[in-house]
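Let's take a slow walk through this model together.

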Amino acid sequence: MISYLEETEIIDFSNSNIQKLSKELSFGCKSDVEIAKNCFIYVRDEIRHTGDFQDNITTYKASDVLRHKTGWCYAKSHLLAALLRANNIPTGFCYQRLSCSEYKEDIYCLHGLNVIYLKEFGWYKVDARGNKEGVNAEFNPPIEKLAFEIGKNEFDLPSIYEKPLDIVVETLKKYKTYQEMINNFPDIQQG
């Protein structure tokens, strides 16, 4: 379980802005569920989804997501993990392979989410990508309400990862603009 609490280059929760925000979001909370919900809602609602807003920046480190207030789903999951780990709540990463036809026809890509270990419920999957018309992710353990349901030719990757997948991080580091990202989304053929 300790590996789901570690700081990394990307999940850089010792950053002073992340520390400050993590304390604000946990202030007065009586349980890990309350803290996790506050962190989830903050990332879901206060950090823009780069694709929805066509922001011409690609963030990957948690501190940069917070500083620029934008991130693709993967980057938003990095910030959520940092806020939760800063509050000593074990947090991992998981992925779905989904159709990305809202950006380009006939392509698939990975979609990044988090899995949070809550004392009362165990591992609980959340999706802080940001809501919009047709997308309504919620935090209501033990019921999981993710942004997208799995459809034809789509699947969940079965693992809970301690750190973001290398293919995701490499893509976020390499492609900087909105156009570059939609032409180079990370993908895995099989789970």
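Start with K173 and E9, whose side chains meet in a salt bridge, 3.7 Å from N to O. By salt bridge we mean a side-chain nitrogen of Lys or Arg within 4 Å of a carboxyl oxygen of Asp or Glu. This pair links distant parts of the chain: K173 sits in helix 6 (residues 166-174) and E9 in the segment before helix 1, 164 residues apart. K173 is partly exposed at 36% relative accessible area, and E9 is partly exposed too, at 47%. Here, buried means under 20% relative accessible area, exposed means over 50%, and partly exposed is in between, using a 1.4 Å probe and protein chains only. Helices (H or I, at least four residues) and strands (E, at least two) are DSSP runs, numbered from the N terminus.

A quick word on the ground rules: this is a predicted model, so local features need pLDDT of at least 70 and side-chain atom pairs count only at pLDDT 80 or more, while totals for chains, interfaces and linings use all residues. Residues are numbered from 1 along each chain as its sequence is written, and side-chain values use heavy atoms, with hydrogens and water left out.

How many salt bridges does the structure hold? There are 10. One of them joins D64 to R67, with the closest N and O atoms 2.5 Å apart. Both residues lie in helix 4, three residues apart, or about one turn of the helix. D64 is buried at 19% relative accessible area, whereas R67 counts as exposed at 56%.

Another salt bridge connects E102 and K132, with 2.7 Å between the closest N and O atoms. E102 is in the loop between strand 3 and strand 4, and K132 is in the loop between strand 5 and strand 6, so the pair ties together parts that are 30 residues apart in sequence. Both ends are partly exposed, E102 at 46% and K132 at 33%. The two also belong to a network of salt bridges that links D52, E102, R129 and K132.

Four strands form an open sheet in the order 5-4-3-8, with antiparallel pairing. Strand 5 and strand 8 (155-156) stand at the edges, each with a single partner strand, so one side of each is left without a neighbour in the sheet. Two strands count as paired if DSSP finds at least two bridges between them.

Follow strand 4 (residues 108-118) for a moment. On one side, nine bridges join it to strand 3 (residues 91-99); R97 is partnered with L110, and S99 with Y108. Strand 4 also pairs with strand 5 (residues 122-126), over five bridges, including I116 with Y124 and N114 with V126. A hairpin of three residues takes the chain from strand 4 to strand 5.

Last stop: the largest nonpolar core, which has 54 residues. A nonpolar core is a set of buried Ala, Val, Leu, Ile, Met, Phe, Trp, Tyr and Cys residues joined through side-chain atoms within 4.5 Å. W72, Y74, L79, L83, F139 and F185 touch the most other members, and helix 5 gives the largest share of the core, nine residues. Leaving aside neighbours within four places in sequence, F185 is in contact with W72, Y74, C100, Y103, I107 and C109.

How values were computed:
Contact means heavy atoms within 4.5 Å.
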